[in-house]
Amino acid sequence: MNKMLVAACCAAVVLGVLVLVSCTEVSEPVTPSYTTTLAATEIKNSAFEEFFPVHYRTFLENNDDSQMTEYSGSIPHEKHLCEDPPKGWKYCQPYLKNLWMGYPFSYEYNRARGHTYALHDVLDIDRINRYSEQAGLPSTCYNCKTTKMVEWIPEYGDDFWAMEFHQFREEVDMDDHTIGCATCHDPENMDLRITSVPLDEALKRQGKDWREASRNEMRSLVCAQCHVEYYFQDKKFGAPAKPIFPWDLGMDPENVYEYYKDHGSTTREGFEGHFIDWTHTVSDTPMIKIQHPEYENWYDGPHGAAGVACADCHMNYRRLDGKKKISSHRWTSPLKSPEMIKSACGQCHADKSPEYLKERVIYTQKRTWDQLLAAQEFSVKAHEAVRLASEYEGFKRPDFDQLMIQARERVRKGGMFWDWVSAENSAGFHNPAKALETLARSQQASQQAVNYAMQATNYGIARNLEGDIKDIVPPIKEHSRKLQQSQEHLDSHKWLGYLPLLPEADLVWDLNRRAQ
């Protein structure tokens, strides 16, 4: 009798557990399925409007470039200028041109607008040399700007990446070929897909296949096609200039920094085999330029680790035809209005007001921003210390050369770690802990660089590094390819004097046509 009672109780418990599980288990969302008459090779954005007019309407809303949030936004402005829009913004980084001296980013680096401007802005940016038939950068730069990639890669294969950028200017339609529908969707059935070669290959090296990913994973992976760190491959390792995601050792800044020690071909002493984006002209330091590692910051942040996808916050649900809700294809910050905060954040934080949620985001961003500016100034001081030490004519320690190698290695690390947070588009909100840790490591590395440089000169340069960094090295406000054609401009700042004078030239290219 007792055994029967125990068995009955156990069965009841098991049944109860099963009922509880069935009530609380959240099923995997099912991908909506559609059938269009579009060709599998369709890449024009406007071709999708007939089938998805409401979605397309939200896609065109990316043309709105008139609103800022507290730390970011869509108004295109120069990110180093601390002025009112449209020239600058109150949260600026005044040393951007100094820190990228000798690299095309020092010519122009603006606040990015919506996806509908991606092609326009890359064709107009001063980083690409529009004063010559040679762009100075490869066709790799089109990878995250246009749906034409879907055609170009099958046609040219890996030869495409190193081809002349200007060769393709006249092939693109400024609106229909900007990054859009075909980048993330199969035109025939609208299934989410990956068209990015470097993401596909990075996942394969991790033993993953995006074709087996869940719908929720795909709602972030499609963004990881572009919102990541990448570099242009050295020809020693395969197709030259091919974009590669440096994820093989992990996706944290320390993992990526270690990865770059073994993927270049330089023979420079102390940096043998390191990957180098460019050599800083003032400190003569082999540097790394970080792109925009949103995915790497998000994946193990509070929201990413909890399974919240990029689309949950940046493609909030809307009802525009009075019927079913859709995912907005206006990819932007939900902080732009209380309604967007409710729609995005309110899915999980329904008990909090939009005002409270916005303030919590800004609380995090302010602390990140303060440390970002500190890390930026540490990096400038590190470059200046190495410059002073390398030109020092007083007593030098016997191990001067080795100390200078260590100083430059710390300059490289401090700069990369600062840029990891600087280039990321959330002012630390995607992963507050990682952002602050990364900036702390940047500051430590830059200070070590200063220490090594001072030791190399037996502290002979120490006095030159005392005081406010803005007095020691003023921020460079104006610099461009055109200005570099003027000796007067190069004489206007001691750091600019390290650049070569460019020959006078007029514009050759204006967007997708030759300049008249």
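Mentor: Please begin with Cys-181, which counts as buried in this predicted model. Its relative accessibility is 14%.

Trainee: Which cysteine sulfur is nearest to that of Cys-181?

Mentor: Cys-181 takes part in no disulfide. A disulfide requires two cysteine sulfur atoms within 2.5 Å. The nearest cysteine sulfur lies 9.1 Å away and belongs to Cys-184.

Trainee: Is Cys-345 buried or exposed?

Mentor: The relative accessibility of Cys-345 is 18%. Buried means under 20%, so Cys-345 counts as buried.

Trainee: How many disulfides does a search of the whole structure find?

Mentor: Cys-82 and Cys-92 form a disulfide, with their sulfur atoms 1.7 Å apart. Another disulfide joins Cys-144 to Cys-226, at 2.2 Å from S to S. The search of the whole structure finds two.

Trainee: What is the handedness of the link between Cys-144 and Cys-226?

Mentor: Cys-144 and Cys-226 are both buried. Cys-144 is in the loop between helix H4 and helix H5, and Cys-226 is in the loop between helix H8 and strand E1, 82 residues apart. With -100 degrees about the S-S bond, their link is left-handed.

Terms used: Residues are numbered from 1 along each chain as its sequence is written. This is a predicted model: local features need pLDDT of at least 70, side-chain atom pairs count only at pLDDT 80 or more; totals for chains, interfaces and linings use all residues. Side-chain values use heavy atoms; hydrogens and water are left out. Helices (H or I, at least four residues) and strands (E, at least two) are DSSP runs, numbered from the N terminus. Buried means under 20% relative accessible area, exposed over 50%, partly exposed in between (1.4 Å probe, protein chains only).
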